[in-house]
Amino acid sequence: MLDDLRRKREERVKEFFEVQSQILQICIEFSGSTLPSGFACPQVDERDLTLKRLGELKCHLLELQKEKDTKLQKASANIKTINELCSILSLDFGKMLQEVHPSFADAGTIQLRSISNETLARLSGTIHSLKQEEAIRLQKGR
């Protein structure tokens, strides 16, 4: 019976750790940085392994995942627009994205992408600049 309780406790600690790790990963993406130096894995407070606390963490994770999905949709739409404008203007799409944020440097790698508010604003600013460039070129072409 004692072994069974230990096993259940270990499973609960593992579940807490997994949820907290996912929360941390999303928070890092929101911050716009890569893994911070001195990165430490989340510490599970083993004094409070209640289902209530686990439920609170899962609820928080769900909220963060919804926010992440919204930000990813915005970023994706902006990146698509930048790609289209770069094609029209014969500009280097990859270079343009890398100027927005280094995490966009190599689309072929699996790494965290920045979806911070600053990055989203920079994507919007890049679109604005490209549209201005397009308007200038159209006026000169007339």
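Modeller: Leucine 5 lies in helix α1, residues 2-31 (helices are DSSP runs of H or I with at least four residues, strands are runs of E with at least two, and both are numbered from the N terminus). This is a predicted model, in which local features need pLDDT of at least 70 and side-chain atom pairs pLDDT 80 or more, while totals for chains, interfaces and linings use all residues. Residues are numbered from 1 along each chain as its sequence is written, and side-chain values use heavy atoms, without hydrogens or water.

Together with Met1 and Leu2, Leu5 makes a nonpolar surface patch of about 390 Å². Patch residues have over 30% relative accessible area and no salt bridge; like charges are joined within 9 Å, and nonpolar side chains (Val, Leu, Ile, Met, Phe, Trp, Tyr) within 5 Å. Areas come from the Shrake-Rupley method with a 1.4 Å probe, and for residues only the protein chains shown count as cover.

Helix α1 also holds Arg7 and Asp4, three residues apart, about one turn of the helix. They form a salt bridge, with 2.3 Å between the closest N and O atoms (the cut-off is a Lys or Arg side-chain nitrogen within 4 Å of an Asp or Glu carboxyl oxygen). The structure holds nine salt bridges.

Now the packing. Helix α2 (residues 51-89) meets α3 at about 140 degrees, their axes 9 Å apart; axes are lines fitted to C-alpha atoms, for helices over the stretch in contact, and angles between N-to-C directions run from 0 to 180 degrees. α2 is therefore oblique to α3 (under 35 degrees is roughly parallel, over 145 roughly antiparallel, 65 to 115 roughly perpendicular, the rest oblique). Ile79, Ile82, Asn83 and Cys86 of α2 touch Phe93, Met96 and Leu97 of α3, contact being heavy atoms within 4.5 Å.

Helix α3 (residues 93-100) packs on α4 (residues 117-140) at about 135 degrees, with axes 9 Å apart, so α3 is oblique to α4. Their contact includes Met96 and Leu97 of α3 and Leu123 and Leu130 of α4.

The axes of α2 and α4 come within 10 Å and cross at roughly 25 degrees, which means α2 is roughly parallel to α4. This crossing is left-handed. Ile79 and Ile82 of α2 are among the residues in contact, as are Leu123 and Leu130 of α4.

Methods
A crossing is left-handed if the near helix is turned anticlockwise from the far one by less than a right angle, and right-handed if clockwise.
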